[in-house]
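Colleague: I am new to this structure. Please take me through one part of it closely, then show me what lies around it.

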Amino acid sequence: MDNEMITLTIIGAEIKPVITLPSSSPIRQLKRLIMEHTGVPVERQHLLYDNIRLTDDSLIINHHIHEATAEVFMSVVLSPEDRIINITVSNEYCKVDLIVDKVDKVIELKKTIGEVFSIPANEIDIWHMNTKMKDDEMLYRYYIDEGSDVKFTRVIGDNS
């Protein structure tokens, strides 16, 4: 039972990575795999299962995660000095570097892109990690971080 594989969906943001690893793995290993998928450093991840915080050096199986698939909630510690970041916004024709605040809403980024490229914000879809971003969500909910590459496409008409 200790070496059974377990599949965990990491919830808590708009991007929900799915990670499979042995149930005998330490939580720190799970965090490293989450970092590979999201770019969120291990030390900024807080993981919960069944409202209990998962400690780095404990094993997955010690937290009574016995199902073959389960959901683990992740919150990300945002430090004030890490909020203002540089990102690249691009499409197939061009790219631009922008400075944004991680707690800005997606619609604010759309408006900025629109100003730079003379496109109405309602004609812009933006994507990160192959996930279409929703206007009313904050950028950090998509793991936008320093150096992130955000893709945008122009859509004609209302895309709501």
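Colleague: How do the residues of the lining of the largest cavity divide into nonpolar, polar and charged?

Modeller: The lining has 6 nonpolar, 2 polar and 3 charged residues. Here Ala, Val, Leu, Ile, Met, Phe, Trp, Tyr, Cys and Pro count as nonpolar, Asp, Glu, Lys and Arg as charged, and the others, Gly among them, as polar.

A word on the model comes next. It is predicted, so local features need pLDDT of at least 70 and side-chain atom pairs count only at pLDDT 80 or more, while totals for chains, interfaces and linings use all residues. Residues are numbered from 1 along each chain as its sequence is written, and side-chain values use heavy atoms, with hydrogens and water left out.

Now the cavity itself. The search of the whole structure finds 1 cavity of 30 Å³ or more. The largest cavity holds about 70 Å³ of space. A cavity is a set of points, on a 1 Å grid over the protein atoms alone, where a 1.4 Å probe fits but cannot get out; lining residues have an atom within 4 Å of a point. Grid points are joined across faces, edges and corners, and the volume is the space filled by probe spheres set on the points.

The lining residues are Thr-38, Gly-39, Val-40, Arg-44, Val-76, Leu-78, Lys-102, Tyr-140, Tyr-143, Ile-144 and Asp-145.

Thr-38 is one of the buried residues of helix 1, along with Ile-27, Leu-30, Lys-31, Leu-33 and Ile-34. They cover an arc of only 160 degrees around the axis, so they sit on the same side of helix 1. Buried means under 20% relative accessible area, exposed over 50%, and partly exposed in between (1.4 Å probe, protein chains only). The arc is that of the directions from the helix axis to the C-beta atoms. Helix 1 covers residues 27-38. Its 12 residues reach 16 Å from first C-alpha to last, close to the 16 Å expected at 1.5 Å a residue. That expected span is 1.5 Å times one less than the number of residues. Helices (H or I, at least four residues) and strands (E, at least two) are DSSP runs, numbered from the N terminus.

Next, Arg-44. Its C-alpha is separated by 9.8 Å from that of Met-74, 30 residues apart along the chain. Met-74 belongs to strand 5, residues 69-76. Met-74 is buried, at a relative accessible area of 2%.

Then Val-76. Val-76 lines the cavity, and strand 5 spans residues 69-76.

Helix 2 has 12 residues and reaches 17 Å, close to the 16 Å expected. Its buried residues are Val-106, Leu-109, Lys-110, Ile-113 and Gly-114. Seen down the axis, they fall within an arc of 140 degrees, so they line one face of helix 2. In general, an α-helix has 3.6 residues a turn, so residues three or four places apart point the same way.

Finish with an aromatic pair. The structure holds 1 such pair. The rings of Phe-117 and Phe-152 have centres 5.1 Å apart and planes at 35 degrees, so the pair is tilted. Rings of Phe, Tyr and Trp (its six-membered ring) pair if their centres lie within 6.5 Å; planes under 30 degrees apart count as stacked, over 60 as edge-to-face and the rest as tilted. Phe-117 lies in helix 2 and Phe-152 in strand 10, so the pair ties together parts 35 residues apart in sequence. Phe-152 is buried at 3% relative accessibility, whereas Phe-117 is partly exposed at 24%.

Notes: 1 Å grid on protein atoms, 1.4 Å probe; cavity = no way out; pocket = protein on both sides within 12 Å on 5 of 7 lines; lining within 4 Å.
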